[in-house]
Amino acid sequence: MAGSELIYRGHEAAPAETTGYSPKPSKRLPWLSRSARYLLGEHRLLFALVGMALASALFLLAPPPRPAGSGAAAEAARFGVVAIVVSGGGALVSPHRSGMGGAGAVVMRPGSVGGKVPLGLRRKGLRIVVTGGAGFVGSHLVDRLMERGDSVIVVDNFFTGRKENVVHHFGNPNFELIRHDVVEPILLEVDQIYHLACPASPVHYKFNPVKTIKTNVVGTLNMLGLAKRVGARFLLTSTSEVYGDPLQHPQVETYWGNVNPIGVRSCYDEGKRTAETLTMDYHRGANLEVRIARIFNTYGPRMCIDDGRVVSNFVAQALRKEPLTVYGDGKQTRSFQYVSDLVEGLMRLMEGEHVGPFNLGNPGEFTMLELAKVVQDTIDPNARIEFRANTEDDPHKRKPDITRAKELLGWEPKISLRQGLPLMVSDFRKRVFGDHTDAATTASASGGAGSS
Ligand SMILES: NC(=O)c1ccc[n+]([C@@H]2O[C@H](COP(=O)([O-])OP(=O)(O)OC[C@H]3O[C@@H](n4cnc5c(N)ncnc54)[C@H](O)[C@@H]3O)[C@@H](O)[C@H]2O)c1
């Protein structure tokens, strides 16, 4: 039979055929079953074992497929570790659809990549983009992420940001700086995107209002598109300005706001509102993991000195011995949060399981006149106050209700205005006068609270 010809290898040894009849070879190991005899015959078992070993080796060495939903999950998979973890509240949370009502589902948490890392192995850092990372808030966020061991890519067009804010990371292999305008698309392989790029002070965002709204709409669309493409988690830094001139006080996240759609601030306010809309539509429509922070007035080192924001204005004016300019009657209120508190809130939000929006601000409420008094106490008790006509659409009151952030993120600000202001003052003093004149101005300032 042709088949048996193919497997019969005993031609050489076979006796010469004389009769046309070949006797069957005698059966060795007659006590074994037919299939076992077949397996043991002619090293077949050995070949089977070698084949299995090769297949297992290939399976173990092959790179794992990248899960669509999370770059961090891929990172975890690469390290062969489980990224499903128990959230702070003990609930398991889900990678998508983990909004405010999402507690109780199962989730990959990029910040917790690695779940349980074997002893002796360092936790692999995340790859994170920070747009606007050369700006005031962005640069402080970058510092914290770098400290944590992540690889950070800053994308910034330097409209209001400065290289000086991140120069201390130059030369660190975990840090990259890309000059890029977010209005144009960009492709980067990352696990998380903190989207901050946008001028934040009225002076800057009113400078070119069309560019401001373009940054908020087209820039946000581009970064959401990137997040979708690479499966990254996306965090939007929105603003308390979405509440406009609020009719509810303090402002809760469920309040929809009172915004003028055609005013001089609308490019920023409405731009951020649209950015929030886009973020939620990508979340609902494309299953994207998103987070939204509504940031209230924040101050600290590295703020632009002459950016028209009230804290930086007062501090620079007091240092230069100029009068503190108060717009209107000075009774309008704001709440001021120190930048490290905000950065902590942003990181908790990104790592947590809730979409938001979350108010991130310090509920301590000050009138402009009270703020001027704190600045006087800290820098120069003799600083004069000068009243000017109020600007258009200036909100009368601002104070965050942070109950939601307290409950769901376990976050609240720690640094009071009187603690934080001196830290900002020493940075401003260096930048306004240069290091060498620091001592002289410190002497004159020490007549104040003596806290700088
Ligand atoms: N600081 C606050 O009090 C405050 C309050 C509410 C919201 N926010 C939000 O936080 C974010 C950061 O604010 P900030 O105070 O650090 O402001 P900032 O002006 O210091 O930083 C913004 C950064 O974005 C960059 N940028 C602007 N347009 C860009 C573009 N088209 N492409 C690329 N980069 C661009 C700037 O160069 C700058 O580095 C902003 O989105 C802002 O709306 C801040």
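**Exercise 1. The ligand shell**

How many nonpolar, polar and charged residues does the shell around the ligand have?

Solution. This is a predicted model: local features need pLDDT of at least 70, side-chain atom pairs count only at pLDDT 80 or more, and totals for chains, interfaces and linings use all residues. Residues are numbered from 1 along each chain as its sequence is written.

Step 1. Collect the shell. 29 residues surround the ligand, where near means a C-beta atom, placed from the backbone, within 6 Å of it. The closest are G132, G135, T160, G161 and A200.

Step 2. Find the elements. Helix 5 (136-148), helix 7 (209-230) and strand 5 (233-239) each give two or more residues to the shell. Helices (H or I, at least four residues) and strands (E, at least two) are DSSP runs, numbered from the N terminus. Helix 5 gives the most, with 3 residues.

Step 3. Sort by class. Ala, Val, Leu, Ile, Met, Phe, Trp, Tyr, Cys and Pro count as nonpolar, Asp, Glu, Lys and Arg as charged, and the others, Gly among them, as polar. The shell has 13 nonpolar, 14 polar and 2 charged residues.

**Exercise 2. Two helices in contact**

Describe how helix 9 (residues 310-319) packs with helix 11 (residues 368-378).

Solution. Step 1. Take the geometry. The angle is about 40°, and the axes are 10 Å apart.

Step 1. List the contact (C-beta atoms, placed from the backbone, within 7 Å). Helix 9 brings V310, F314, V315 and A318. Helix 11 brings M368, L371, A372 and V375.

Step 2. Classify these residues. The contact has 8 nonpolar, no polar and no charged residues.

**Exercise 3. Backbone exceptions**

Locate two cis peptide bonds and two positive phi values.

Solution. Step 1. Recall the background. Most residues other than glycine have a negative phi, and most peptide bonds are trans.

Step 1. Take the cis bonds. One joins H249 and P250, with omega about -10°. P250 sits in the loop between strand 5 and helix 8 (266-286). Another runs from G356 to P357, with omega near 5°. P357 lies in the loop between helix 10 (339-351) and strand 11 (358-360).

Step 2. Take the phi values. R302 has phi near 80°, and K321 has phi near 65°.

Step 3. Check burial, by other C-beta atoms, placed from the backbone, within 10 Å (buried 20 or more, exposed 12 or fewer, partly exposed in between). R302 is buried, because 23 lie in that range. K321 is partly exposed, because 13 do.

Notes. Axes are lines fitted to C-alpha atoms, for helices over the stretch in contact, and angles run from 0 to 180 degrees between N-to-C directions. Two residues are in contact if their C-beta atoms, placed from the backbone, lie within 7 Å.
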